[in-house]
Amino acid sequence: MPAKTTIAFCLLFLCTIFCYSQERIELKLPANRTKQVVNIDGNLNDPAWKDAALMTNLVEFRPTIGAKELYEVRTETWLMYDDDGIYFGGYCHERTKDSISKELAGRDGFGMNDYVGLIFDTYHDKINGFEYFVTPLNEQWDAKMSPSSADSDNGGEDFSWNAVWKSGAVIHNDGWSFEMFIPYSAIRFGKDKVQDWGLNITRRRRKTEQQYTWNPINPNVNGFLTQEGVWTGITNIKPPIRLQFSPYFSVYTNHYPSATTGIKSWTNQVNGGLDVKYGINQAFTLDATLIPDFGQVQSDNQVLNLTPFEVRFNENRSFFTEGTELFSKGNLFYSRRIGGTPLHLYDAGGNIGVNEKLLKNPSESKLINASKISGRTQNGFGIGFLNAITKPQYATIETATGEERKYETDPLTNYNILVLDQTLKNNSTITLVNTSVLRSGSDYDANVTAGLFDLYDKKNVWNINGKIATSMLFNYEPGGKTRTGYNHRVSFGKNSGLFTFNVWQEVMDTKYTHNDLGYFTNNNFVDHGAYMGYRWVVPKDWYNRINVNFNANVSRLLTPIGTIDTKFQTASVGVNANAQTKKLSWVGVNARFTGVQNDFYEPRLTGYHFRRGATVQLGTWYESNGAKKYSFFTELYGFKSINFYDQFVVDFALGQNYRFNQQFSVSYRIGWSPRYNGIGFATIDSDRDKIIFGRRKVNTIENVLSFKYNFTNKMGLTFRARHYMSSVHNRAYYWLQNSGKLTVDNYFTGNADRNVNFFNIDMVYTWQFAPGSFLNIVWKDAAAYQHDEVERNYFKNFERTFNSDQNNNLSIKVIYFLDYLQLKRKRN
């Protein structure tokens with residue numbers, strides 16, 4: 001059946017590949033070279049700008065597609081180059097100075113800023129690009145556009161990528177002017193003597209939410225780079241030697257109250273290391289981090305996890321977020337695995353002998369070093385390779401005689417991911433991804449290989465994409481045998497136009513997993529789904545645009561589990577609608593119906609399933625105009641079971657932000673989720689060999705308070721405090737029958753109630769004292785309070801959490817950017 005479905009998708013794609021035509025405009029700009037000096041200060045008064053080519057007459061694509069700029073808010077820009085880099089300058093006219101939206105938000109901080117952006121597709125493949133943005137207050141952000149994300153209507157920017165370049169901006173009574181210098185070390189390009197690059201520029205006016213481009217963009221057409229112009233005749237430019245160093249030095253002091261003899265409450269740590277960036281050639285770059293230090297990253301948003309699956313946390317370590325767009329191909333890489341939970345963390349407790357006690361059991365492995373190579377040739381062949389090594393981790397156990405012994409919880413481990421990606425005609429790509437985890441000693445090794453394809457027709461309207469993957473766990477099965485698994489996914493759809501759709505199928509067998517270097521929940525399924533969407537993009541009486549979509553999916557087991565007589569898992573249908581109003585606010589509604597389900601994961605043990613009742617979900621949300629000084633968003637969702645224990649869930653959230661001025665703003669968010677008569681796994685009664693479920697009330701409240709104050713566009717202070725409280729009160733207990741139904745359990749005497757609190761503060765002072773160089777001072781505070789007795793009063797929970805033992809950490813870190821070429825020039 002899966003093979004037949006795949007063939008049908010392919011035939012449908014071939015039959016419809018020529019069914020759409022779309023007129024495209026491709027503007028051309030001659031590449032002018034200058035030999036004069038330009039002082040990057042934001043004022044366009046250097047004679048060199050007379051050598052530049054003019055770009056004006058920008059065209060609106062939001063909210064009104066195709067509208068021309070009004071004369072009084074026109075944009076005039078100039079572009080030129082020399083032997084060292086690219087110069088881009090311009091004047092953004094406004095009616096008055098007050099029409100300019102500006103906020104100091106920090107580098108890559110966005111905020112409510114007007115901005116101008118320069119977009120280059122240096123290989124002219126309409127897939128890969130580089131973006132450089134500047135605001136009226138001369139704050140920068142930059143991004144890479146890649147095949148993994150170029151199919152979205154905003155171009156799919158990866159803003160975690162950072163380059164070092166110069167800019168200047170000046171505010172005038174009738175607008176603002178800017179200048180940018182992009183050195184060739186901050187961009188990648190080919191080595192041809194004469195080159196043509198894809199080119200576009202964009203301007204956004206936040207108070208009206210108008211966005212313009214030089215080469216017209218139609219948001220109904222798939223892709224941003226597919227609608228670019230061309231910068232023609234770039235001659236005799238050479239990639240420079242790209243060798244950059246970022247040595248760092250950090251000092252930490254930590255306080256956690258200790259009542260244990262020999263363990264200090266105060267600890268100190270001094271670290272030093274180095275980040276290296278080396279251009280192997282004009283296309284490929286080596287990034288390496290030696291003795292890395294990630295102690296200043298933002299604290300995780302910890303939660304009470306009542307699901308059978310692992311919580312997926314965000315990656316905040318810069319090395320694993322910057323320039324990693326190739327590694328996201330196929331969704332096989334979850335960087336938190338590197339330096340994450342030791343493989344045998346929970347085995348240490350089972351290896352404690354009589355009269356022994358566990359003194360220390362670190363919950364994270366220590367990263368020794370990491371390196372990555374990435375880039376793309378002029379022929380569109382991309383390579384990404386990442387390698388990281390973590391050292392062995394040990395638990396410390398005190399013996400009966402008072403001596404200490406070590407128990408290895410994680411072996412020396414090597415993590416690798418290799419990506420080979422070839423761009424094709426018509427915005428298409430084919431990709432090979434391989435991940436491997438190699439462990440020393442007798443522990444098993446893991447390897448996953450996947451082939452991906454993403455193919456578009458000539459008009460960039462129709463798309464077929466898919467993945468075929470296999471996983472291998474070496475020395476995993478009894479006798480040292482290898483476990484091999486299989487997974488595939490195929491999707492066909494229409495991605496351009498007012499009406500879009502796709503249909504998809506995914507199959508995964510019982511032995512497939514990519515959990516060792518990826519995020520993974522479950523296998524053994526055959527899933528089918530469909531999506532249909534329609535959008536109204538011409539502004540009318542009360543709206544600027546409306547989006548409506550319908551989606552449906554059904555899931556079955558691929559292989560029956562034990563003696564369970566059903567393979568059906570779940571099926572649901574949903575509808576979503578949202579609109580932007582004339583007042584630049586957003587409003588949305590959604591609804592979903594899910595039929596009776598067979599949940600094979602909630603019981604926690606293989607061979608069992610839980611039969612859930614049908615549910616109905618309704619929701620709505622609203623987001624006000626973010627350009628106002630005061631803005632807010634709110635959402636409300638209701639979830640109701642049908643004839644099944646009368647389960648009722650409410651999810652409510654309210655977020656507010658107030659900007660006092662362009663430097664200081666405060667935001668506050670509260671989330672409240674009361675869940676009544678929910679049914680879920682409670683515990684396993686090992687004495688009676690029964691799986692116990694509870695009918696419970698779950699009450700969750702989360703409060704987050706943040707503020708930021710930016711002294712200048714290079715210096716700022718941020719503060720974030722979060723308190724999370726969640727309680728579980730079981731009103732009745734049941735045991736799970738083999739049929740998937742529940743029977744009241746009058747004999748269970750245990751207590752599966754939970755009361756969990758987490759509190760964190762992250763306060764960060766950042767000063768960019770030189771290009772690419774930073775001084776960071778960070779204070780972090782963490783506290784937790786957990787108990788099996790439910791406390792319903794929120795303020796008492798907060799008080800007990802605040803009065804519990806807290807871990808306070810203060811750190812200072814200096815990162816200094818060194819560029820080989822700059823050092824060479826100074827020496828000469």
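Mentor: Two strands pair if DSSP finds at least two bridges between them. Strands (E, at least two residues) are DSSP runs numbered from the N terminus. The model is predicted, so local features need pLDDT of at least 70 and side-chain atom pairs count only at pLDDT 80 or more, while totals for chains, interfaces and linings use all residues. Residues are numbered from 1 along each chain as its sequence is written, and side-chain values use heavy atoms, without hydrogens and water.

Trainee: How do you know that β2 and β4 pair?
Mentor: Three bridges join β2 to β4, and the two strands run antiparallel. The pairing criterion is at least two bridges, so β2 and β4 count as paired. Leu-54 has its bridge partner in β4, namely Trp-78.

Trainee: What makes β2 and β10 edge strands?
Mentor: The open sheet has five strands in the order β2-β4-β5-β11-β10, with antiparallel pairing. Each of β2 and β10 (166-172) has a single partner strand, so one side of each lacks a neighbour in the sheet.

Trainee: Why is a set of residues called a nonpolar core?
Mentor: The members are Ala, Val, Leu, Ile, Met, Phe, Trp, Tyr or Cys, are buried, and are joined through side-chain atoms within 4.5 Å. Buried means under 20% relative accessible area (1.4 Å probe, protein chains only). The largest nonpolar core has 36 residues, of which Leu-79, Phe-120 and Trp-231 touch the most other members. β11 gives the most to this core, with four residues.

Definitions and conventions
Buried < 20%, exposed > 50% of the residue type's maximum accessible area, 1.4 Å probe, protein only.
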